[in-house]
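Colleague: I'd like to learn how to read a model like this one. Could you take me through a few features?

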Amino acid sequence: MNGDAPLKAPADTPLSRDLVALTKPRIISLLLVTTAAPMYAAGSPSLWTVLLVMVGGYLMAGGANAVNMYIDRDIDDVMARTRLRPIPSGRMSPTQVLAFGVFCATLATWMLAHFVNVLTAGLALAGFYFYVFIYTRILKRTSPQNIVIGGAAGAFPPLVGWAAVTGTLDVTALCLFLIVFYWTPPHFWALALLKQVDYGRAKVPMAPLVWGERETMNQMVWYTVILLVLTLLPVLYGAFGVLYLVSAVVLGGLLMWGVLKVLWAAKRNAPWTAPAWWVYKYSLLYLALLFVAMGVDRAITR
Ligand code: HEM
Ligand SMILES: CC(C)=CCC/C(C)=C/CC/C(C)=C/COP(=O)(O)OP(=O)(O)O
């Protein structure tokens, strides 16, 4: 993430630390919020079920992230943000990383199928395949739409949480999937705008490099508008109540304001990097709080 990361990686990093790094734990923390909160929105899960889904979800997403680092080892080697990862810094071999990723995903599939239900395991595995093959292997290197279509991978966790509690999927689960799907472009393009040199060096066709900065910012605005409408839909048909509604409006209003500030600054030819950083960082808080609000809203009104 830090473009000024040191050039040399510490050679004495313990293996345990590298294994954790392969799973991208900070990203998983938010994936797990978008898994756990829908569990409480869907019903009243036992602590045991929540624990199993968290461990299974971590292993599946962590396995996917490790396989992503195996496939992207050439790209990761040339980007400042990623060059200290275990493969580019020479501390782990690609084969070791691939084996670790596949092992985690296999363990997760067994755990979720055996202790939760087969639908939950199937959805988590679908998220794994979507991220590894559709996003990482195919779209990331070929299309500026990579994170729009590929972003569907990151939208699987709410389905996993919902299915773990209800054993099925319904229209609210679909809404939650779409919320994460439409959140991904403003989340990621804010960062992509700031990391154009990295992505250019790695020849990854991220939107700002292909469409230009202004068009990417326009698209971020439109995706945010759709996102805000989608967040209100479950209230309109009575799935969530007032606490969620107020949270969605306030949190969403702030996100919209941030995204518009980026666009307006660029239109005035003023510096837009500070507002773009703000949108990237706030997007993380936004999604976490929105999902917590829906879980709490349903838990207290049940
Ligand atoms: C295709 C979809 C996505 C792409 C391309 C993407 C890309 C990125 C990138 C490149 C970073 C910087 C990470 C780093 O510097 O190591 C990042 C950060 C982050 N992303 Fe995403 N992301 C996507 C979807 C998601 C989803 C669905 C979630 C969770 C629901 C998520 C959660 C996070 C978090 C928590 C961070 C901050 C990590 C940190 O502070 O180290 N992302 N994302
Ligand atoms: C249910 C389930 C297991 C779903 C999988 C969800 C999952 C692992 C989403 C990850 C999203 C993400 C971090 C994309 C960044 O990849 P990148 O390759 O663009 O980032 P990088 O350049 O930092 O490697």
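Predicted model: local features only at pLDDT ≥ 70, side-chain atom pairs only at ≥ 80, totals over all residues.

Colleague: Let's begin with the pair. How do α13 and α14 pack?

Modeller: In general, two packed helices are described by the angle between their axes and the distance between the axes. Here, α13 (residues 242–267) and α14 (residues 273–301) meet at an angle of about 170 degrees, and their axes are 9 Å apart. Angles over 145 degrees count as roughly antiparallel, so that is the label for α13 and α14. Their contact is made up of 20 nonpolar, three polar and two charged residues.

Colleague: What about α12: what is its reach from first C-alpha to last?

Modeller: For that, you set the end-to-end span against what is expected at 1.5 Å a residue. Helix α12 (residues 213–236) has 24 residues and spans 35 Å, close to the expected 34 Å. Just after α12 comes G238, with a positive phi of about 85 degrees.

Colleague: Which residues of α12 are buried, and what covers them?

Modeller: The buried ones are T216, M217, M220, Y223, T224, L227, L230, T231 and P234. Their cover includes α9 (171–194), α11 (207–211), α13 and α14.

Colleague: Where does UniProt place the "transmembrane region" feature?

Modeller: The unreviewed UniProt entry gives several stretches, including 49–71, 220–237 and 278–296. Residues 49–71 are 100% helix and 0% strand, with end C-alpha atoms 33 Å apart. Residues 220–237 come out at 94% helix and 0% strand, and there the end C-alpha atoms are 27 Å apart.

Colleague: Now single residues. Why does L22 count as buried?

Modeller: You count C-beta neighbours, and 20 or more within 10 Å makes a residue buried. L22, in helix α1 (residues 15–22), has 25 inside 10 Å, so it counts as buried. Beyond its neighbours within four places in sequence, L22 touches N65, A66, M69, P86, V97 and F100.

Colleague: And which way does phi go at K24, positive or negative?

Modeller: Positive, near 50 degrees, in a residue other than glycine. K24 sits in the loop between α1 and α2 (25–42), and it counts as partly exposed because it has 18 C-beta neighbours inside 10 Å.

Colleague: What is phi at K203, and is K203 buried or exposed?

Modeller: K203 isn't a glycine, yet its phi is positive, about 60 degrees. You'll find K203 in the loop between α10 (196–201) and α11. With 11 C-beta neighbours inside 10 Å, K203 counts as exposed.

Conventions
Residues numbered from 1 in each chain as written. Chains lettered and ligands numbered in written order. Axes fitted to C-alpha atoms, helices over the stretch in contact; angles between N-to-C directions. Helix = DSSP H or I, 4+ residues; strand = E, 2+ residues; numbered from the N terminus. Parallel < 35°, antiparallel > 145°, perpendicular 65-115°, else oblique. Nonpolar A, V, L, I, M, F, W, Y, C, P; charged D, E, K, R; others polar. UniProt positions renumbered as here; feature names shortened; annotations may be inferred. Expected span 1.5 Å × (residues − 1). Buried ≥ 20, exposed ≤ 12 C-beta atoms within 10 Å, placed from the backbone. Contact = placed C-beta atoms within 7 Å.
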